[in-house]
Amino acid sequence: MNRPSSALPGQRLTEALQRIEGRGYKAYKSIAGVYDLGRFRLSIDHVQADPFAAPSRLSAEVKHSVAEIPAHFRSSRIRRVALADYLTRQFGAAANRLARGHRGTGKSGQIDICCGGQEILERNSVIVEDDLIEARFTAGLPAAGRRILARQAADMLLEELPAIVEASLFHSSLDATALERHVLTTEDQQALRDQLEERGLVAFVGDGSILPRRSGIDDRPMRPSADRAPVPFESPPSLAVELDRPNSGPIRGLGVPPGVTLITGGGFHGKSTLLRALERGVYNHVPGDGREWAVTHPSAVKIRAEDGRSVQKVDISPFINNLPLGQPTDEFSTENASGSTSQAANIIEALEAGSRLLLIDEDTSATNFMIRDARMQALIAKEQEPITPYIDRARELAGEPGVSSILVVGGAGDYLEIADQVLLMHHYRAQDARDRALQVVERYPSVRKGEAEFRLTPPPDRRPLPRSFDPRRGRRAVKISSRGRRTIVFGSTRIDLDAVEQLVDPAQTRSLGLAIHAFSESCAQRGATLREGLEDLGRRLDNSGLDWLSPIKVGDLARPRLLEVAAAINRMRTLHVQ
Ligand code: ADP
Ligand code: MG
């Protein structure tokens with residue numbers, strides 16, 4: 001972002017506010033500008049049109065020489081991400097504490113910053129530059145009806161806001177120990193994830209991790225209560241490895257090698273909880289989350305059934321063939337996929353986008369996609385069954401294509417036969433059950449036949465056509481919005497991301513909408529493949545940051561993975577590919 005070199009004295013903001021007291025709301029526009037408030041600069045970037053509109057966008061810039069946050073906390077990319085995350089959370093907490101909040105009509109009085117949940121993501125709520133820190137936030141400029149309450153605005157902007165900035169962006173007011181822990185723990189998590197490949201692993205779960213969550217809608221760690229307590233994770237000795245952390249020293253835990261790994265065990269014994277921790281292990285977590293030391297290969301994709309989704313020319317033939325009406329499946333399209341075809345498409349699309357690790361839970365899979373047992377094979381001949389179940393492809397994927405699977409399977413014993421590793425969850429404790437599984441396979445030989453009829457080939461690259469992406473809505477040439485984590489509205493196209501489970505933050509969803517637009521403008525136009533387009537997008541985000549996505553200065557974006565960008569494009573019902 002270009003920064004204005006000069007700022008008006010703070011007194012000018014006071015005077016501007018005095019002039020508009022009691023006037024119609026539009027007069028607020030006159031206070032836009034950059035003001036020098038002593039220890040920081042306040043920039044009023046965009047003034048809302050009325051008290052009910054999206055609140056005004058503001059930012060505060062503090063020079064490093066004034067904020068005095070030690071330089072080593074911003075000495076690398078990951079440290080800057082962690083520092084920005086920490087400062088965002090502090091700003092948010094200070095705003096909650098120090099902003100009076102409701103003081104008039106609509107959003108009057110609110111001061112907000114876009115904070116994350118349990119994950120530490122790259123975001124643009126706080127930007128750490130070479131010479132300064134910038135916090136971007138919103139404020140509801142106060143009014144009674146449509147009449148400006150300028151004295152209230154002066155209190156907000158010239159009393160509360162400086163107090164919030166003082167409390168959250170200056171090193172002297174921060175908890176130095178907590179800040180250091182936040183930054184160094186994040187760096188350690190990244191280092192663990194970066195070590196996976198060289199150590200020949202696809203995932204790692206540190207001993208002592210707390211994996212269960214407070215509830216299905218509360219992602220914070222489970223708290224001990226009268227009737228239950230979280231059981232800390234402990235690796236079975238035969239699968240234990242030790243990894244290095246640059247700041248906290250070595251850590252022991254479960255190392256998951258490539259290949260096919262089963263998580264099995266009785267119902268309610270913690271299988272899905274372990275898999276969910278691995279799904280989220282592609283992200284770093286805040287200290288105290290319990291999953292800091294559960295890290296997964298960055299390309300891991302959760303695969304599930306998603307009936308009803310649209311699919312555009314995906315080669316699902318490795319899994320589905322000979323459909324009843326003779327529809328071809330090497331370029332399969334549908335507006336309304338079934339459980340099994342959606343799961344097949346999700347896999348092929350993940351491979352196309354570069355995934356090397358698939359995470360599958362029987363709870364959210366189509367049974368007929370996972371397995372066809374011997375009795376079903378006897379009843380329904382192969383020629384009459386379009387599906388080649390996953391069990392007949394998992395080993396092959398783990399071979400030359402180098403795509404590992406971690407599967408939660410408690411019901412289909414045929415899977416024991418194809419597993420490289422078998423983890424058995426018993427009372428939330430993981431056991432190595434590989435030898436026992438082999439014995440069972442020997443004792444109860446399966447008469448099930450393999451059903452794959454031809455070898456897997458890498459999915460063909462698709463080229464999304466520019467006409468897939470129409471960002472127009474009403475009179476606006478570009479209108480892209482999002483609703484919560486789950487929905488993007490791109491132009492007039494709704495994209496449903498409910499089943500894209502590794503999308504974790506509404507701020508990521510917001511970025512996804514803009515990323516699709518960037519993809520369409522810069523890649524689809526020149527006929528790039530989806531894969532090329534994603535790589536290009538990744539490079540630009542690395543070089544220019546999230547601000548590259550937005551034509552205006554905002555602070556509410558967080559970086560999604562490219563795999564989720566692909567997932568969103570693939571779910572567009574307007575998608576056309578070559
Ligand atoms: P499964 O998939 O084996 O049926 P879940 O993973 O869904 O089991 O876990 C069942 C319940 O046990 C959930 O309520 C979950 O929060 C809880 N749980 C999971 N892991 C632990 C643990 N390590 N300690 C305590 N409770 C746990
Ligand atoms: Mg389960």
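In what follows, helices (H or I, at least four residues) and strands (E, at least two) are DSSP runs, numbered from the N terminus. By this convention, lysine 313 lies in strand β20, which covers residues 311-314. The model is a predicted one.

**The whole protein**

The protein contains 14 helices and 28 strands. Its C-alpha trace spans about 85 × 55 × 40 Å along the principal axes. A compact globule of 578 residues would have a radius of gyration near 25 Å, and the 26 Å of the protein agrees with this. Of the 578 residues, 55% are buried. Among contacts with a separation of 6 or more, 73% are accounted for by residues 24 or more positions apart.

The accessible surface comes to about 25,000 Å², and carbon and sulfur atoms hold 49% of that area. The protein carries 77 positive and 75 negative charges, whose mean positions are 6 Å apart.

**Helix α13**

Helix α13 has 15 residues, 530-544. From its first C-alpha to its last it reaches 21 Å, close to the 21 Å expected at 1.5 Å a residue. The buried residues of α13 are Leu530, Gly533, Leu534, Asp536, Leu537, Gly538 and Leu541. An α-helix has 3.6 residues a turn, so residues three or four places apart point the same way. The buried residues of α13 pack against α3 (77-98), α7 (339-352), α12 (506-522) and α14 (562-570). Just after the helix, glycine 545 takes a positive phi of about 75°.

| Residue | Relative accessible area | Class |
|---|---|---|
| Glutamate 61 | 12% | buried |
| Lysine 313 | 31% | partly exposed |
| Asparagine 322 | 52% | exposed |

Glutamate 61 belongs to strand β4, residues 56-63. It counts as buried because its relative accessible area of 12% falls under the 20% limit. Apart from neighbours within four places in sequence, glutamate 61 is in contact with Arg3, Phe40, Arg41, Leu132, Ile133 and Glu134.

Lysine 313, in strand β20, has a positive phi of about 50° although it is not a glycine. Asparagine 322 is placed in the loop between β20 and β21 (332-334). Its phi is near 50°, a positive value in a residue other than glycine. Asparagine 322 is classed as exposed because its relative accessible area of 52% is over 50%.

Note on methods
Residues are numbered from 1 along each chain as its sequence is written. Chains are lettered from A and ligands numbered from 1 in the order in which they are written. This is a predicted model: local features need pLDDT of at least 70, side-chain atom pairs count only at pLDDT 80 or more; totals for chains, interfaces and linings use all residues. Side-chain values use heavy atoms; hydrogens and water are left out. The expected span of a helix is 1.5 Å times one less than its number of residues. Buried means under 20% relative accessible area, exposed over 50%, partly exposed in between (1.4 Å probe, protein chains only). Contact means heavy atoms within 4.5 Å. The radius of gyration is taken over C-alpha atoms; the globule rule is 2.2 Å times the number of residues to the power 0.38. Accessible areas come from the Shrake-Rupley method with a 1.4 Å probe; for residues, only the protein chains shown count as cover. Lys and Arg count as positive and Asp and Glu as negative; His and the chain ends are not counted. The place of a charge is taken as NZ of Lys, CZ of Arg, CG of Asp or CD of Glu.
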